[in-house]
Amino acid sequence: EDRVAEAAAGEEQARARGQSEAGALAEAQESLRVAESQISCYAEGAVVRRIVSEEASSRGSVWTRCMRTRTPDEVQRLCRELQQWTEQARQREAEAARGAEEESSAVQALAEARRSLQEEEATVAQQAQEVRQEFQRREREAQEEQQAVALQQQQQRIESQLAAAEEAVFGPAVRVSASSSSVGPPPGAPRMQPAIALVPDLPLTVRIPHFELVRQSLLGTEINYTIVVEGLGTTETIVRQFSQFRELHTRLSQKPFAYSLRSLPQDWLFSHFSNSMLERQRRQLETYLDALCSHSQVVLDPEGVLWRWLAVDDFTQVIVRLVAARAAGSPEELQHLTQTLEAVVAVSDDATRCVHPVVLGILKEVLLGDVPEAAQAAARLLEQLLVTSRRARQLFLSRDSGGAEALLAASRGSGGSVAASAVQRVFETLCNQDADGGDGPQASESDEAETAGRASPTPPAAGEQEPSECCICLDRPKSHAMLPCGHLCACMECAAQLSAQGQSCPVCRQRVERTVQIYT
């Protein structure tokens, strides 16, 4: 508005300057007219003088005769008058020439003033147009942001109303909470849907740390979201766009459990104009993926829609599905996935990725189950883990875990002869290690690192390299830092256990609020 007012004031000044120049031009024209009239008078006098001169030259005798009749005083007077007339004529001619020059210069100044006035008017009009466009753009952005907020509030109201309606129809069990093991319609509800279980202590973390705005044109803008998938002993980074999020949600919406899915965040066409809206959309998409990974039916989907979308490996997929099957209370799926896990471990030749409290607890349950094939697979997996990993022995054979009792029960034949033989080999290996002084020939390199760490508990001196192993299990490399203290001291599995149980940092004893992976 200030710029528009300044432009209007400049336009008024230009008009006043043009009017003053027009008055000056009118005065110059008037002085030119006066000069022309004077020139005409002078021209008439010149004609008279020329005629007199011609007559004097043609009639010398007459002129001489006339001169003889005049007195000298009269002749002198006439000569003086003639000189005065000649001088006046010259002066008037010079004044007329000066008037003509002034008139031409005034005309040129007027033309220049008109041209500058037109240029100023064009500049002021262009500036006013830019100001109007900027004002309209800001007003449009404000309206769009208000509409976005209104739509967000409307979506929240609809979700709350839907939740209230489902609670009124199916009872309080429909409400999803982290403490409840299953949500969804009760068995006697009119709408028959599979039970939905939230997966606690999931050994999988999906984060969207940042996004990238790829501007192709004013309206053709794409947002690339960087997704980090952290599993047991593996980290994958993928890039997805919102259209791919929409495709994932569309495919999951065709499943029987679609009624329990979290709604997909809105994709605002004008969100790339505001960084705050982009950041809010990033957080919403991160929450959406976290909800999908905690949804038992999505994790246990036979088609593996979510797993193909996240591009995770088979090892991580089987472990997460195993934890989800336990949370959903599906023993058949649990036994089948245990056998699948044995096959995946045999292919990858990395059984230490199974060293997780939840996975070891599942193997213990399957070991004591009624299906011989699954119990034998669990026994063989436990044999590999307990023999090669000290951390696995710490977790499984602790007093509160009940792993030793499970091994004793399995050795008595509850899981079949194959399972009993595997458990017997575990006992023999542990006894041999105790007889040899703690570490047998089958101990892993992590056991040697743990022995060396216990032999020298003091911190490294200046110039020595800091240990790279986890200070809790002394088995895996440390990769996660404790927050808010910031100590990098634990692996992924130990950090997840500390964060889930709300324990303190092993370095400074400060309470751990959350953990974050450090990339080096």
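Analyst: Helices here are DSSP runs of H or I with at least four residues, strands are runs of E with at least two, and the numbering starts at the N terminus. Arginine 509, for example, falls in the loop between α16 and β6. Keep in mind that this is a predicted model.

User: How many helices and strands are in the chain?

Analyst: The chain has 16 helices and six strands. Of its 520 residues, 35% count as buried. Among contacts between residues at least 6 apart in sequence, 58% join residues at least 24 apart.

User: How do I read a sheet, and in which order do the strands of the open sheet stand?

Analyst: Strands of a sheet pair through backbone hydrogen bonds, in a parallel or antiparallel sense. In this model three strands make an open sheet in the order β5-β4-β6, with antiparallel pairing. The edges are β5 (488-490) and β6 (514-517), each of which pairs on one side only. On average, neighbouring strands of this sheet are turned by 50° against each other, direction ignored.

User: How many bridges join β4 and β6?

Analyst: β4, residues 480-483, pairs with β6 over four bridges in the antiparallel sense.

User: Which helix lies across β4, β5 and β6?

Analyst: Helix α16 (residues 492-501) does, and it runs at about 20° to β4.

User: What is the peptide bond from leucine 483 to proline 484, cis or trans?

Analyst: That bond is cis, with omega near 15°. Proline 484 is placed in the loop between β4 and β5.

User: How do I read the cysteines, and how many disulfides does the count come to?

Analyst: A disulfide is a covalent bond between the sulfur atoms of two cysteines. The cut-off used here is a pair of cysteine sulfur atoms within 2.5 Å, and by that rule the count is zero. Cysteine 485 is in no disulfide; its nearest cysteine sulfur belongs to cysteine 505, 3.7 Å away. Cysteine 491 is in no disulfide either, and the nearest cysteine sulfur, from cysteine 494, is 3.5 Å away.

User: Are these residues buried or exposed, and what is the value for cysteine 491?

Analyst: Buried means under 20% relative accessible area, and exposed means over 50%. Cysteine 491 has 2% relative accessibility, so it counts as buried. Cysteine 485 has a relative accessible area of 24%, so it is partly exposed.

User: Which strand does β2 join, and how?

Analyst: Strand β2 (residues 221-231) and strand β3 (residues 234-240) run antiparallel and are joined by seven bridges.

User: How do I read a helix pair, and at what angle do α8 and α9 pack?

Analyst: Two packed helices are described by the angle between their axes and the distance between the axes. Helix α8 (residues 314-328) packs against helix α9 (residues 331-348) at about 160°, and the axes are 9 Å apart. Therefore α8 is roughly antiparallel to α9. The crossing of α8 and α9 is left-handed. Residues of α8 in this packing include Phe315, Val318, Ile319 and Leu322, and those of α9 include Leu334, Leu337, Leu341 and Val344.

User: Which residues does aspartate 301 touch?

Analyst: Leaving out residues up to four places away in sequence, aspartate 301 touches Lys255 and Arg321. Aspartate 301 is in the loop between α6 (296-299) and α7 (305-310). With 4% relative accessibility, aspartate 301 counts as buried.

User: Why is α10 described as largely enclosed by the rest of the structure?

Analyst: Helix α10 (residues 357-367) is largely enclosed because eight of its eleven residues are buried. Among them are Val358, Leu360, Ile362, Leu363 and Val366.

Methods: Residues are numbered from 1 along each chain as its sequence is written. This is a predicted model: local features need pLDDT of at least 70, side-chain atom pairs count only at pLDDT 80 or more; totals for chains, interfaces and linings use all residues. Side-chain values use heavy atoms; hydrogens and water are left out. Two strands pair if DSSP finds at least two bridges between them. Axes are lines fitted to C-alpha atoms, for helices over the stretch in contact, and angles run from 0 to 180 degrees between N-to-C directions. Contact means heavy atoms within 4.5 Å. Buried means under 20% relative accessible area, exposed over 50%, partly exposed in between (1.4 Å probe, protein chains only). Angles under 35 degrees count as roughly parallel, over 145 as roughly antiparallel, 65 to 115 as roughly perpendicular and the rest as oblique. A crossing is left-handed if the near helix is turned anticlockwise from the far one by less than a right angle, and right-handed if clockwise.
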